[in-house]
Amino acid sequence: MTEGSGARAVAAQGAVLFVDISGFSTLTQELATRSGAAGIDRLARVIDDRFGRMARCVEAWSGEVVLFAGDAMCVWWPARVGDDLAGVVARAVGCSLGIHERLANAGVTEGVDVHVRQVVLAGALEPVRLGGPPHAWWPVLGGPALHDLGALAALAPRRRTLLSAGAAAWWIGSVETGPGFAGSRLVSELPEPPPFAPLPVVPVALVARDWLEPHLAARTRFPDAPSHAELRALSVIFVRIELGSAPLLTAQPAVAAVAAAVEEHRGSTFQAVLDDKGLVIVAAFGLPGPGVFRPADPAFAALAAHAP
């Protein structure tokens, strides 16, 4: 484990599934144009349905959701350092193919086809805690296995699963040559029988008390209850931190500086994600938070974005 200024990194390995959802932006425009405010409610139900289908597939394949970021999802299957990765790669691929199938079964909404592009990566990973006191600490999954995520996600075809070179090295099923990226492979089916034993599914209620905040843990007792959402005026800033090939933990000073600038200008830094666009910090003005209420005035967001 590596630590510094409260941030910490842990060496790990495993398989990661990155899911990029296409079609939500078009669907949002269609629903807003046709139905106005009622269209937003319809959009919320569609998003809830699609993410619900994906989450149930992740649970069925014993994965762990690392993040939901906009219209993307990242899932991982950890393994002990030195272990064979064939089993976790197979689970990630099985989950990916299941997501393709479940979304295809959902059909077309308002004339818009919501589909996904998916990449499976495997190898050395680095779960890291970044941020700064008093309110902003976020778990972020990085590591060498994810270095090519951006390039691979841009090349992943619709309704197929793209394996990175690291994942392809552990895959024992049939593959096709990947599109324009050295060592990548395309896969569309699992071998029979699957090359792993089923993992036990631990009921969420057994771990919710220790890992979830009380209001979230309470919801696990009513798994069929609808999701809740609200419309709120916000000013949002996205801060991309260039890492290159440097370890994720080296971003800690920059992440802490961003969090401090946002807090100084009465904003709420609520997410740090590593996805196909790199390391991105997301902050909003207009969210309730510790202390005073943060106004949605875009001037606060602009001042924070240009803070030295």
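Tutor: Start with a term. Helices, of at least four residues, and strands, of at least two, are DSSP runs numbered from the N terminus. Keep in mind that this is a predicted model.

Now the pocket. The second largest pocket has a volume of about 410 Å³. Its lining is made up of 24 residues. Nearest its centre lie Leu 146, His 147, Leu 243, Gly 244 and Leu 274. H4 gives the most, with 3 residues. Sorted by class, the lining has 11 nonpolar, 7 polar and 6 charged residues.

Next, a loop. Ser 184 sits between strand E9 (176–177) and strand E10 (185–187). Ser 184 counts as buried because its relative accessibility is 0%, and buried means under 20%. Which residues does Ser 184 contact, leaving aside its neighbours within four places in sequence? They are Leu 152, Leu 162, Leu 163, Ser 164, Ala 165, Thr 177, Gly 178 and Pro 179.

Last, a helix. H8 covers residues 252–264, 13 residues in total. From first C-alpha to last, H8 reaches 18 Å, close to the 18 Å expected at 1.5 Å a residue. Its buried residues are Gln 252, Val 255, Val 258, Ala 259, Ala 261 and Val 262. After H8 comes Arg 266, with a positive phi near 65°.

Note on methods
Residues are numbered from 1 along each chain as its sequence is written. This is a predicted model: local features need pLDDT of at least 70, side-chain atom pairs count only at pLDDT 80 or more; totals for chains, interfaces and linings use all residues. Side-chain values use heavy atoms; hydrogens and water are left out. The expected span of a helix is 1.5 Å times one less than its number of residues. Buried means under 20% relative accessible area, exposed over 50%, partly exposed in between (1.4 Å probe, protein chains only). On a 1 Å grid over the protein atoms alone, a cavity is a set of points where a 1.4 Å probe fits but cannot get out, and a pocket is an open set with protein on both sides within 12 Å along at least five of seven lines; lining residues have an atom within 4 Å of a point. Grid points are joined across faces, edges and corners, and a volume is the space filled by probe spheres set on the points. Ala, Val, Leu, Ile, Met, Phe, Trp, Tyr, Cys and Pro count as nonpolar, Asp, Glu, Lys and Arg as charged, and the others, Gly among them, as polar. Contact means heavy atoms within 4.5 Å.
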